[in-house]
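Hi,

Here is the structure I promised to pass on.

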Amino acid sequence: MRLRYLTLIAVAFFSAFPLYYSVVVASRHNSALAQVPPPLIPGGNFFANVSRVFDTVPFGLALVNSLIVAGSISIAVMFFSTLAGFAFAKLAFRGRNIMLVITVATMMVPAQLGIIPLYMLMVKLEWTGTNYALIVPALVNAFGVFFMTQYLSRALPTELLEAGRVDGCSTWGLFWHVVLPAARPAAAVLGMLTFMSAWNDYFWPLVVLTPDNPTVQVALSTLASGYVNDYVLGLAGTAIGTLPLVAVFALFGKHIIGGIMQGAVKG
Amino acid sequence: MSTLPLAITRRRRRSVRHTLDLRVSPYAYVAPFFLLFCAFGLFPLVYTAWVSLHEWTLLSETQEFVGLGNYSTLLADAYFWNATFNTLSIGVLSTVPQLALAIWLAHLLNRRLRFQTLFRVSLLLPNVTSVVAVVVIFSQLFGRDFGMINWILSWFGVGNIDWAAGTATSHIALSVMIMWRWTGYNALIFLAAMQAVPRELYEAATLDGASNFKQLRSITIPMIRPTIVFVVIVSTIGAMQIIAEPMLFGQSSGGGGGIATGGPDRQFQTLALFVYEQGFANSTFDFGYASAASWLMFLAVVFVAGINFLITRRVKGGLV
């Protein structure tokens with residue numbers, strides 16, 4: 001019994017410590033890196049280091065880009081997933097089951113393998129170096145559709161939709177007036193999950209963007225590169241790129257975890 | 001007189017529109033997903049196969065059909081086999097302990113517990129942290145001269161390890177990063193499955209005097225086997241595609257050799273990183289060669305995932 005708590009406390013400590021330690025280093029002078037033993041409490045240099053970050057890479061632009069990209073992706077994913085989830089959960093149409101199976105199966109397709117033609121496609125569309133290349137392919141995804149289908153088939157009473165029909169609502173009217181309000185709790189969780197993964201995405205932005213117009217993660221990787229080789233700078237950037245998300249997670253983590261567990265069980 | 005037919009046509013028109021609405025709108029609602037998937041998911045994947053049969057670079061205007069030429073070059077390429085070995089090594093080192101740990105943690109969390117939410121949130125915290133942040137932070141912790149991990153090891157008389165320099169050490173370091181980020185996430189998925197296991201089974205087992213570990217082995221694991229299969233497959237597919245970690249580790253550990261080689265001696269270059277090197281980091285932008293490597297990688301993913309599927313399904317009860 002006591003051992004169980006001790007283990008879980010130790011695990012919680014190991015989960016949080018690297019993040020804490022990155023803030024410790026980010027708030028100190030470069031000289032602190034050569035200290036033995038390493039410093040364990042934050043110093044007073046955090047804001048000076050952060051302003052150096054903004055001098056070294058276009059971090060302000062990166063923050064704006066990441067906000068635009070992650071924000072528009074989450075709104076689109078919430079909308080389109082609810083729309084498709086409504087159709088799969090509550091509307092009768094030919095081929096519904098097989099289409100749902102295909103949707104789930106696409107989650108298993110390793111998208112990374114198609115990265116070269118995808119890049120060539122972006123070159124053709126002249127979207128390389130722009131946020132379109134990040135936003136358009138991510139407007140909706142299988143996980144979102146599946147997640148909303150699961151939620152709506154359970155949480156949305158069919159009687160409510162029938163009542164709407166009797167009142168003369170079109171399908172679109174039902175979606176707008178009945179489904180969207182009912183979907184709000186799950187859509188919010190989906191939106192947060194999507195925002196986090198879009199904010200944290202690294203590989204595709206690295207391929208398709210240029211260093212002078214980066215997202216936060218691409219800017220961070222520039223900071224951490226061997227050419228700069230300045231751990232304090234890299235960690236100060238990491239802290240400002242990561243802490244907002246950690247703060248959101250600390251506030252809404254309970255709901256996000258509920259969403260992950262719910263979306264995963266029946267996968 | 002004239003109003004009556006008009007009303008009828010209007011009603012008829014409305015009912016046609018109504019039928020159309022019922023029949024067609026569901027397809028319109030699921031269409032965005034399928035259209036986007038075809039354009040940006042399926043098409044690139046299939047087109048990769050076509051590109052792989054050509055001598056195809058970003059710089060040249062024409063593409064020459066070379067058949068399976070890229071593949072035979074690839075199979076004779078020592079760097080390709082090195083990357084394959086590294087991928088499997090890092091994959092096994094990070095996935096096997098991770099899943100065992102995740103099951104055990106889920107088991108610990110699957111009881112009446114105070115601070116339940118706090119523990120769950122702390123478990124998932126690493127997963128909210130971006131790959132870039134994880135590697136930047138751990139590169140510092142794994143630093144040779146002043147890294148915290150070497151400092152702690154020095155208490156036990158272990159000398160300063162240059163983690164990024166060796167094959168085994170760099171694989172361990174990368175596996176630790178991957179484990180740190182994903183163990184909690186998988187634990188939560190196992191926990192979700194465990195909560196669906198009927199409580200009575202445990203009560204009966206406790207009455208029979210079965211130990212905690214025995215209950216995990218004989219009740220929990222068999223009951224959640226579908227979830228275990230699912231997690232193993234997803235983790236395998238993920239592990240076969242590891243790229244950001246070695247790329248950034250090579251970059252921030254400052255070992256030289258460029259960001260795509262996975263260390264100066266390619267000691268931690270994975271398959272996905274090899275594809276990136278050929279396609280984007282090489283001065284020739286050799287898309288044909290990189291696409292061929294992508295397809296072999298895809299076959300490897302399917303093969304390894306298939307084997308794991310068979311193994312996990314076969315194993316009965318005694319997974320631990």
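A:Val25 sits in helix H1 of chain A; helices here are DSSP runs of H or I with at least four residues, strands are runs of E with at least two, and both are numbered from the N terminus. A:Val25 is buried, at 3% relative accessible area (buried is under 20%, exposed over 50%, partly exposed in between, with a 1.4 Å probe and protein chains only). Its C-alpha atom is 64 Å from that of A:Val166, which lies 141 residues away along the chain.

Please keep in mind that this is a predicted model: local features need pLDDT of at least 70, side-chain atom pairs count only at pLDDT 80 or more, and totals for chains, interfaces and linings use all residues. Residues are numbered from 1 along each chain as its sequence is written, chains are lettered from A and ligands numbered from 1 in the order written, and side-chain values use heavy atoms, leaving out hydrogens and water.

Back to H1 of chain A: the helix bends by about 35 degrees at A:Phe17, and A:Pro18 follows within four residues. That bend is the angle between axes fitted to the seven residues ending there and the seven starting there.

On chain B, the unreviewed UniProt entry annotates "transmembrane region" over several spans, including 27-50 and 121-143; such annotations may be inferred rather than shown by experiment, and positions follow the numbering used here, with feature names shortened. Residues 27-50 of chain B are 100% helix and 0% strand, with end C-alpha atoms 31 Å apart. For residues 121-143 of chain B, the figures are 83% helix, 0% strand and 29 Å.

Happy reading!
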